[in-house]
Amino acid sequence: MGELPALTTPPLSIRRSGHDSVEVWCNDALLFRYVCSPETPGNESPRPYAHPVRSLAGRTLTNHRPNDHPWHHALSFTLTSVDGSNFWGGPTWSPETGYAWQSNHGRQQHADWSALEV
């Protein structure tokens, strides 16, 4: 039986993209863009997100702001509600009214990087 080929790590790089985002690249292929300070409407509960997220073959794996749920921001992390504020975006659910639009949307903000390296 022959020897297994040596595993290699593809060359990754991080590039700043404007003042509000960074990109991770593998050779000449964009893997993802992380948007730190999105300019999305307040009723979408603005928060940092990653989009596009792509495979090594270049296929886009995320959908940002789909038509039926524009408050879905590709790959992002959030909670539905905190202390009465809606951090998910879109209509707020309550037992009394079901889903209804309210003006209780929260906003998550990227504060700073502790490190930015591959």
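This is a predicted model: local features need pLDDT of at least 70, side-chain atom pairs count only at pLDDT 80 or more; totals for chains, interfaces and linings use all residues.

Colleague: Which residue forms a salt bridge with Arg33?

Modeller: The rule asks for a side-chain nitrogen of Lys or Arg within 4 Å of a carboxyl oxygen of Asp or Glu. Here the closest N and O atoms are 2.7 Å apart, and the partner of Arg33 is Glu23.

Colleague: Is Glu23 buried or exposed?

Modeller: Arg33 lies in strand β3 and Glu23 in strand β2 (residues 21-26), so the pair ties together parts 10 residues apart in sequence (strands are DSSP E runs of at least two residues, numbered from the N terminus). With a relative accessible area of 8%, Glu23 is buried.

Colleague: What does Glu44 form with Arg65?

Modeller: Glu44 is buried at 4% relative accessible area, while Arg65 counts as partly exposed at 34%. Their closest N and O atoms are 2.5 Å apart, and what they form is a salt bridge.

Colleague: What is the strand order in the open sheet?

Modeller: Two strands pair if DSSP finds at least two bridges between them. β3 (residues 29-35) and β4 pair in the antiparallel sense over three bridges, with Phe32 opposite Val53 and Tyr34 opposite Ala50. The open sheet has four strands with antiparallel pairing, in the order β1-β2-β3-β4.

Colleague: Why is one side of β1 and of β4 left without a neighbour in the sheet?

Modeller: β4 (residues 49-53) is mostly covered, with four of its five residues buried. Still, β1 (12-17) and β4 stand at the sheet edges, so one side of each has no neighbour there, as each has a single partner strand.

Colleague: How many nonpolar residues are in the lining of the largest pocket?

Modeller: The lining includes Tyr34 and Ala50, along with Arg47 and His110 among others. Ala, Val, Leu, Ile, Met, Phe, Trp, Tyr, Cys and Pro count as nonpolar, Asp, Glu, Lys and Arg as charged, and the others, Gly among them, as polar. Four lining residues are polar, one is charged and the nonpolar ones number six.

Notes: Residues are numbered from 1 along each chain as its sequence is written. Side-chain values use heavy atoms; hydrogens and water are left out. Buried means under 20% relative accessible area, exposed over 50%, partly exposed in between (1.4 Å probe, protein chains only). On a 1 Å grid over the protein atoms alone, a cavity is a set of points where a 1.4 Å probe fits but cannot get out, and a pocket is an open set with protein on both sides within 12 Å along at least five of seven lines; lining residues have an atom within 4 Å of a point.
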